[in-house]
Amino acid sequence: MHFLMRAKALVAFPGGFGTFDELFETLTLIQTKKIRAVPILLFGRAYWQRVINFDAMVEEGMIAAADLELFRYVETAEEASEAVYEFYSKNNTS
């Protein structure tokens, strides 16, 4: 929690339980507006879509369709950098 209070973004690479714990904790805190939104970047779309079926969660009513906008898939450092820049340009916060 203290880390997230200071974070400007969360970048998650393919990983295991610890990675999932940090990712879902962050998504939950942003979803419930307990912390301010930061860009959440998931490196490697193929991995994340294979291990987490976010669309099924929407279909089952477990999350809202709008929650899919809390994160973004990226493939390269350049794409990640652009995503962070776009997020803060659009939200006009630092």
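Colleague: Which residues do ring pairs link into a cluster?

Modeller: This is a predicted model, in which local features need pLDDT of at least 70, side-chain atom pairs count only at pLDDT 80 or more, and totals for chains, interfaces and linings use all residues. Residues are numbered from 1 along each chain as its sequence is written, and side-chain values use heavy atoms, with hydrogens and water left out. The cluster consists of Phe 20, Phe 24, Tyr 47, Trp 48, Phe 54, Phe 71 and Tyr 73, linked by ring pairs. Rings of Phe, Tyr and Trp (its six-membered ring) pair if their centres lie within 6.5 Å; planes under 30 degrees apart count as stacked, over 60 as edge-to-face and the rest as tilted. By this rule there are eight aromatic pairs.

Colleague: What makes the pair of Phe 20 and Trp 48 tilted?

Modeller: Their centres are 5.7 Å apart and their planes 40 degrees apart, and the pair is tilted. Phe 20 belongs to helix α2 (residues 17–31) and Trp 48 to helix α3 (residues 45–51), 28 residues apart. Helices (H or I, at least four residues) and strands (E, at least two) are DSSP runs, numbered from the N terminus.

Colleague: Why does Trp 48 count as buried?

Modeller: Buried means under 20% relative accessible area, exposed over 50%, partly exposed in between (1.4 Å probe, protein chains only). Trp 48 has 0% relative accessibility and therefore counts as buried.

Colleague: Which parts does the pair of Phe 54 and Phe 71 tie together?

Modeller: This pair is also tilted, with 4.5 Å centre to centre and 35 degrees between the planes. Phe 54 lies in helix α4 (residues 54–59) and Phe 71 in strand β3 (residues 71–74), so the pair joins parts that are 17 residues apart in sequence. Phe 54 is buried because its relative accessibility is 6%, and Phe 71 is buried because its relative accessible area is 11%.

Colleague: Why is Lys 33 called exposed?

Modeller: Its relative accessible area is 72%, so Lys 33 is exposed. Lys 33 sits in the loop between α2 and β2 (40–43), and its phi is near 60 degrees, a positive value in a residue other than glycine. Most residues other than glycine have a negative phi.

Colleague: How do you know that strand β1 and β2 pair?

Modeller: Two strands pair if DSSP finds at least two bridges between them. Three bridges join β1 (residues 10–12) to β2, and the strands run parallel. Val 11 stands opposite Leu 41 in β2. Between β2 and β3 there are four bridges, also in the parallel sense, with Leu 41 opposite Arg 72 in β3.
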